[in-house]
Amino acid sequence: MKPQAIVALLLIVVGAIALAYQGITYQTKDKVVDLGPVEVTNTETHRIPLPPILGGLALVGGVLLLVSSRKG
C-alpha cells in the first residue's frame, strides 16, 4: 500500500472520530484536604472542543487524497 493511501485512510478515520465525538474530555484530581487518614479530593472534568468543520475537512481531504492516490 502506498504511503499516500495510508495517510488518506488515517485522515478519514480521524475525521470520522472528530465528527462523532466533537471534542476531547479529560479529568483532573486535586487534593483539597489532607488531614492524616482523612483525604478529600475534587475531580474536575475539562473539555477541549473540536469544531465539526475540522472533522469534515479531514474527512473530505482524506477522501480526495485516497482518490488521487488511486489514479496515479
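A residue counts as buried under 20% relative accessible area, as exposed over 50%, and as partly exposed in between. The legends below apply these classes to a predicted model.

View 1. Val-38 lies in strand S2. The relative accessibility of Val-38 is 47%, so this residue counts as partly exposed. Val-38 belongs to a nonpolar patch on the surface, formed together with Val-32, Val-33, Leu-35 and Val-40. The accessible area of these residues together is about 410 Å². Two strands, S1 (23-35) and S2 (38-49), each supply at least two residues of the patch. Strand S1 gives the most, with three residues.

**View 2. Salt bridges around Lys-31.** Side chains of opposite charge can pair when their charged atoms come close. Two salt bridges are counted in the model. In one of them, the side chains of Lys-31 and Asp-34 meet, with an N to O distance of 3.7 Å. In the other, the side chain of Lys-31 meets that of Glu-39, with an N to O distance of 4.0 Å. Lys-31 counts as exposed because its relative accessibility is 52%. Asp-34 has a relative accessibility of 45% and therefore counts as partly exposed. Glu-39, at 47%, also counts as partly exposed.

**View 3. Packing of helices H1 and H2.** Two packed helices are described by the angle between their axes and the distance between the axes. Helix H1 covers residues 3-21 and helix H2 covers residues 52-71. The two helices pack at an angle of about 155 degrees, and their axes are 7 Å apart. That angle makes H1 roughly antiparallel to H2, because angles over 145 degrees are put in this class. The crossing of H1 and H2 is left-handed.

**View 4. Leu-57 of helix H2 and Gly-15.** Leu-57 is found in helix H2. With a relative accessible area of 56%, Leu-57 is exposed. What separates Leu-57 and Gly-15 in sequence and in space? The two residues are 42 residues apart in sequence, and their C-alpha atoms are 7.3 Å apart in space.

View 5. Leu-66 is found in helix H2. Is Leu-66 buried or exposed? Leu-66 has a relative accessible area of 18% and is therefore buried. Gly-23 is 43 residues away from Leu-66 along the chain. The C-alpha atoms of Leu-66 and Gly-23 are separated by 25 Å.

**View 6. Backbone at Gln-22.** Most residues other than glycine have a negative phi. Gln-22, a residue other than glycine, has a positive phi, near 55 degrees. Where is Gln-22 found? Gln-22 is found in the loop between helix H1 and strand S1. The relative accessible area of Gln-22 is 37%, so this residue is partly exposed.

Note on methods
Residues numbered from 1 in each chain as written. Predicted model: local features only at pLDDT ≥ 70, side-chain atom pairs only at ≥ 80, totals over all residues. Heavy atoms only, no water. Patch = residues over 30% accessible without salt bridge, like charges linked within 9 Å, V, L, I, M, F, W, Y side chains within 5 Å. Areas by Shrake-Rupley, 256 points an atom, 1.4 Å probe, with all protein chains shown as cover. Helix = DSSP H or I, 4+ residues; strand = E, 2+ residues; numbered from the N terminus. Buried < 20%, exposed > 50% of the residue type's maximum accessible area, 1.4 Å probe, protein only. Axes fitted to C-alpha atoms, helices over the stretch in contact; angles between N-to-C directions. Parallel < 35°, antiparallel > 145°, perpendicular 65-115°, else oblique. Left-handed = near helix turned anticlockwise from the far one by under 90°.
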